[in-house]
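Reader: I am new to this structure and would like to know what stands behind the terms used for it. Please show it first.

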Amino acid sequence: MTPEEYLEGQVLLIDKPLKWSSFQAVNKLKYLLINKVGLPKKFKIGHAGTLDPLATGLLLICTGKFTKRISELQGQAKEYTGTFYIGATTPSYDLETEIDQTFPTDHINEVLIHETVKQFLGEIDQKPPIFSAIKKDGVRLYEHARAGETVEIASRKTTIHEFEITRIALPEVDFRVVCSKGTYIRSLAYDFGKAMNSGSHLTVLRRTKIGDYDVKNAIDITLFEESLK
């Protein structure tokens, strides 16, 4: 692809690696496009929807004039697959922090799991995790959390279009979810465990779709770099 094509606008489908932040992925592509393709240092580039460092999968990175499409792309429905660990919670609702509480699971069976799914279909109220980048009083929530501060977090409306359990091997439960913008799958994991009178946290998360864009068509950052040689 020529520098002009990148400047005119592209939507690059990247399969984000584990432990990379979305910001790191954008910076890596920016570096490659400047140094290997010859784009000017101040060309426009940005991602359409953050993916946590502990998640993998589809990250849409827009270049040039297509950065104007970022808000439109962010508003599209997203599909995720992953794993809940039933019977324990963590403060971050995922593996970023250590287990802080354990709960009974003897009463949990396949029937209860599938019945509980129904509670989360459609529009729901959801509280974002305290370990998130949302700002409260001008400070990101995760900064409050790391400082050991207690913060009151307002719940927000979100929509779960599809919620399917794909494997049950307790304490692990695999799922597929299609949801609206602003849904926290970590919060879904926490609330799901609570709804079963137990606990739960997220151990695996992969974003597979954003609107019509599919991770099957995405490229690994290393392969993208090699394609520019």
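Reader: Where is the place of N197, and what makes N197 exposed?
Author: N197 sits in the loop between α6 (185-195) and β12 (200-210). Helices (H or I, at least four residues) and strands (E, at least two) are DSSP runs, numbered from the N terminus. The relative accessible area of N197 is 63%. Buried means under 20% relative accessible area, exposed over 50%, and partly exposed in between (1.4 Å probe, protein chains only). With 63%, N197 is therefore exposed.

Reader: What kind of model is this, and how are residues numbered?
Author: This is a predicted model, in which local features need pLDDT of at least 70, side-chain atom pairs count only at pLDDT 80 or more, and totals for chains, interfaces and linings use all residues. Residues are numbered from 1 along each chain as its sequence is written, and side-chain values use heavy atoms, with hydrogens and water left out.

Reader: What is the phi of N197, and which value does Y93 have?
Author: Phi of N197 is near 55°, a positive value in a residue other than glycine. Y93, also not a glycine, has a positive phi of about 70°. Most residues other than glycine have a negative phi, and most peptide bonds are trans. The peptide bond from L170 to P171 is cis, with omega near 15°. P171 lies in the loop between β10 (156-169) and β11 (172-179).

Reader: Why is Y93 called buried?
Author: Y93 has a relative accessible area of 15%, which is under 20%, so Y93 counts as buried. Y93 is found in the loop between β5 (88-89) and β6 (101-102).

Reader: Why does Q76 count as partly exposed, and what about A77?
Author: The relative accessibility of Q76 is 22%, and that of A77 is 33%. Both values fall between 20% and 50%, so Q76 and A77 are partly exposed. Q76 is in the loop between α3 and β4, and A77 is found in the loop between α3 (70-74) and β4 (78-86).

Reader: What are the bounds of domain 1 and domain 2?
Author: Domain 1 covers 3-75 + 213-228 and domain 2 covers 78-210; such bounds come from an automatic or database domain assignment. The C-alpha centres of domain 1 and domain 2 lie 27 Å apart. In contact are 19 residues of domain 1 and 13 residues of domain 2.

Reader: How many helices and strands does the chain have, and why is the chain called as compact as a globular protein of that length?
Author: The chain has 7 helices and 14 strands. Its radius of gyration is 19 Å, close to the 17 Å that the globule rule gives for 229 residues, so the chain is as compact as a globular protein of that length. The radius is taken over C-alpha atoms, and the rule is 2.2 Å times the number of residues to the power 0.38. Of the 229 residues, 46% count as buried.

Note on methods:
Contact means heavy atoms within 4.5 Å.
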